[in-house]
Amino acid sequence: MILALYPVINGKNIRVPSERIPAGIYISINVDSRRCWKSAISVLSSDESVAWGNTVTLSSLASPALSIEIRASYELGQMLGGGEVIGKLEMSWDELLDHGDKPFGESILPTCVAVVHDREDQDGALFDSLVLCEVARETDAGHAQFSAYVTSKTVSYLNDAVEHFQLALEQCPVSHPDHATALTNLAWARLKGYVQNDLEDIDSTTSLFRDALALRPQCHPDHPLSLYNLTEALTWRHDKKGAAADIREAAHLYHELLPLCLEGTYLHGMIRGPDGVNYVLDECNDLPTDASDEGIHLRRVVLELCPLGHRLRPTALDELAQAVEARFDQHGNIDDLETSIQLGREAVSLCPSGHADRDCYLSDLAMSLMSRFDYQGRPNDLDEAISLHEEALRLCPVGHECRGASLDNLGLALATRFKERDDIDDITRAVSLYREALTLRPPGHSDRDTTLNNLALALIIRYDELDVNEDLDEAIDLYRESLRLMRIDDSERHVTLQNLSSALCSRFTQTEKNEDVEEAIALCHGSLKVLPSLHPDRHYSYFRLREAYMSRYCVQHEPADLELAVENFRLASRHPTQGFPERIMEAIEWAREAEVYQHESALEAYQMCFELFDSHVMTRSSIISRREAATAFRDARSLPVDAASCAIRRDNLRRAVELVEQGRGQQWSLASRLRTPLDDLESRNPELARKLLHLSKRLSDAQGSATNADRAAADQAETEYRRLARQWEAAVAEIRDLQEFSRFLLPPSYEDLQEAARQGPVIILIASQYSCSAIIVPTSGDPHHVPLASVTLSDLTNLKDRFARAIRHASILGPNVPRNDLIVLLRTVWDEIMMPIVNVLQHDLKLKFHSRIWLCPTAAFTSIPLHAAHPFRTNADRSKEPCLEDLYICSYTPTLSALVRSRQMMKRRVTPSFATVGQGQPGGGKGKALLTVESELELVHKLVPVTASRTTISGDAATRAGALEALQQNTWVHLACHGKQDPTQPYNSHFVMRDEDLTLLDIMERDIPYAEFAFLSACHTAVGDEKTPDEVIHLAAGLQFSGFKSVIGTLWQVDDAVAKHVVKAFYENMFKDLKDGGVMDCTKAAWALNRATHAVKTKVPLEQRMVFIHIGV
């Protein structure tokens, strides 16, 4: 007879006497004197419960007495011995059957329920209890002794347990399948003894756990528990010995372990408990900031161990942010700083008002933003940082432990803003904040040296502004005290050395005491000795050194000092890991000093400025932010013309042309790189051409046109833009490796630029503080220099202001009233500027009358109507002396590269289509009604050849979208509406449509390669930017950039009542020969405009004839 019993046994409140975490729990039933039955091993759940469901099959000869044990197994794989006994129950089978599902008493077993049924199938296993090997008996004895030690704290039990486990290990050599289990059992007994201070050796115990883990790779069922065991040993060793390496390793092990532990298991609960991973996380967060790759990897591991909702996630975010920012401080990689800011923003977002640590996270984020401001010069970063520091200070009232640090941080930000914006209240408040902070950090305070240094820096800044000697002397004393308090190996000591050097230079300039400048030089050399070669702050050491050498040169006039100063200018501006703004300011200062002292390095300095500007602006992901970057340097506006003037004065005219071109129109040249025709590259290397085209498209799409209100999203977009920019730059470098493309997208050479003069000379007008002159680039050969000896920059500034007043005055005069003011000014332009140029054109270049010329004005010249220069004189024979437009057909070009690019794109010709777009009734009070717009559109429509496809868009259809569509789908466009130039943000300059404005930015974001000609019958369409006149950012230039090769624009307000006369005469001349089968040719636009302005002299006042100019081919 066979009796099958099906016990469904559930255990609750199961606790292991030895306090060791089991791999699982199983049931052992003694069947008879020789055999026992074991259930499958079940994993203990997090609520300390477990359930089994196995079948016990017994013969009729089974012992009537039943012995049930619940045991802990420390292996999910092959077991060694029987494990540790947790509870035991003895009764007869009959008693068990009668017991049913009632729980057994806790004094006998953990709370258990057994349900027994008769079955005939078998599930489980019978084992022969007499064949237990010696190693298993030693192991079981060790478990028993170890359990007794833990419950009684009697050391003799521990010694016995260790002895039994050691004997078991000796019987399980390295090749034995139970070697890892024997290692683990011995290690656990020794670890517990170490924790209870009954054993001293933790290092060998840790090695035992490590050896066991090595024998249980990832696929082994006991790999997770071995990982946990080693973390326990490392954690306890760290707790008692404080070794940072142990807690770092424990974090990495937990990072590997957690994904292997199913939620709901006892092991997972222990890991997530206060003595598990959270202890390790707390200890890791207390480690000092480590900017090494290993240190940052640890911080990333810690962050991944703190999922969303974890109480330590804000701290983990902040610690990782500090580590990557520290790496930025060492190596200058902007991606690290962007990462730090993103992490800091998340940390702040997880700590709403009322959170105990919000002030710390606010301050850390603000410091990261300050670092980015120093690196990139974004005003928004500085303002946001100050706002965050203000909030942090409010959270640190008097008595708060962090108030001193918060005062320091806000003071630094305010001092920085003062240097940018010259608001004396900022520096006054900064000094006040530092003085308060110093009272909170009396002698003996660990941070006193920092506050001393900060207060000294603020005093120096105020001294530079107000020239109060007491501030300078106090600052030097404060720096010296700060240095005395600093350790020699302090990581920030070099900063104080640099700052003290600068203060001593300032005093030397005043007192001329040689010891001050000698000490300043020595301090800088000292700072260089402690800084690695690529540390960003070496830039400041070079900067302070050149400051010291220049100070001494100005007093003692030793040529060697000037050479040393220039060399340090060179080193500072070239230092690769410092941010572009600092390097740009140093290069600008280098150029200025080289000009003052007539040093031969001036051209090198200007070249460095342009290269740094180019790299700096290229890092900005939006068109508007690029202009912000370009206008942030107040001393940089005149660099292009000053560089050209420098080259002219050194008789290097070709270099002058190259420099003025490289320095001007940077906004256009940067944007046009993404639209460079790749026809030649396509034929040489199609795959590389496609790769660059694809990256250019992605990079262009990644350019944000406006500032994102969500700053975190904006930061992420910037990071993605830079990632794409690096890929694009790598592709460009690959192209330059091709022999015939070695100068691909590099600043153009003179030979490249001379292509602009293929159909007539280009006249570049240079308006510099050092000299004013013109360079004529002929169709072939060397450029010609035309000195404008009687003209100065101030003369030109005065002239442009007088023109502005004369134009305004003319607008209120009747049509027949003489424009005497304008006549006087145009005569001045002829006599002082254009006549010397015409003399060279006629006598040196032998240029024929009515030939085409292109004017390329710079700086103040851009606001003067050069094309209208006129002598207004009568010759002796009573003939009128010819004006410029009588002699030549004048066009303008923003840059030579723009003209070259337009000519290259002329190769792409399609069937012409003509759109007339007009809006005379703008909506929303955007301007007065233009009553003649409809009649102008009708007039143009009639004059356009019938061979061209013609479209008219006006009234309600003339919306922003409608106008954009017309620009994109037609090769010729006539636009009649209000035009408005925005002098502060030229990208917002716009044409007024029915609904929304059609902005310059809208136009620039479209690529219209087949476009040919646009007539802008609107106001202010060719007026440049006040802050960056050499960028020539206006509506007409925007259309040229987008693809229109030939554009008619306006310099000031247009009177629509008389403009139609110019429009009519223009198109009559433009399409004059088409009746005989000719084709529409946009290159005739300049000639047609010249003829038109001559034709309407009696109908249109002078200022309304002068207003129209031609740009392009």
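This is a predicted model: local features need pLDDT of at least 70, side-chain atom pairs count only at pLDDT 80 or more; totals for chains, interfaces and linings use all residues.
A cavity is here a set of grid points where a 1.4 Å probe fits but cannot get out, and its lining residues are those with an atom within 4 Å of a point. The lining of the second largest cavity is formed by His867, Glu885, Cys890, Tyr892, Ala1086, Leu1089, Asn1090, Thr1093, Arg1105, Phe1108, Ile1109 and His1110. Two or more of the lining residues are contributed by each of strand E16 (889-892), helix H42 (1085-1095) and strand E25 (1108-1112), with H42 providing the largest share, namely four residues. In terms of residue class, the lining of the second largest cavity comprises six nonpolar, four polar and two charged residues.

The model also contains an open sheet of three strands, arranged in the order E20-E21-E22 and paired in antiparallel fashion. Strand E20 (979-980) and strand E22 (998-999) each have a single partner strand and therefore stand at the edges, so that one side of each is left without a neighbour in the sheet.

Key: Residues are numbered from 1 along each chain as its sequence is written. Side-chain values use heavy atoms; hydrogens and water are left out. On a 1 Å grid over the protein atoms alone, a cavity is a set of points where a 1.4 Å probe fits but cannot get out, and a pocket is an open set with protein on both sides within 12 Å along at least five of seven lines; lining residues have an atom within 4 Å of a point. Ala, Val, Leu, Ile, Met, Phe, Trp, Tyr, Cys and Pro count as nonpolar, Asp, Glu, Lys and Arg as charged, and the others, Gly among them, as polar. Two strands pair if DSSP finds at least two bridges between them.
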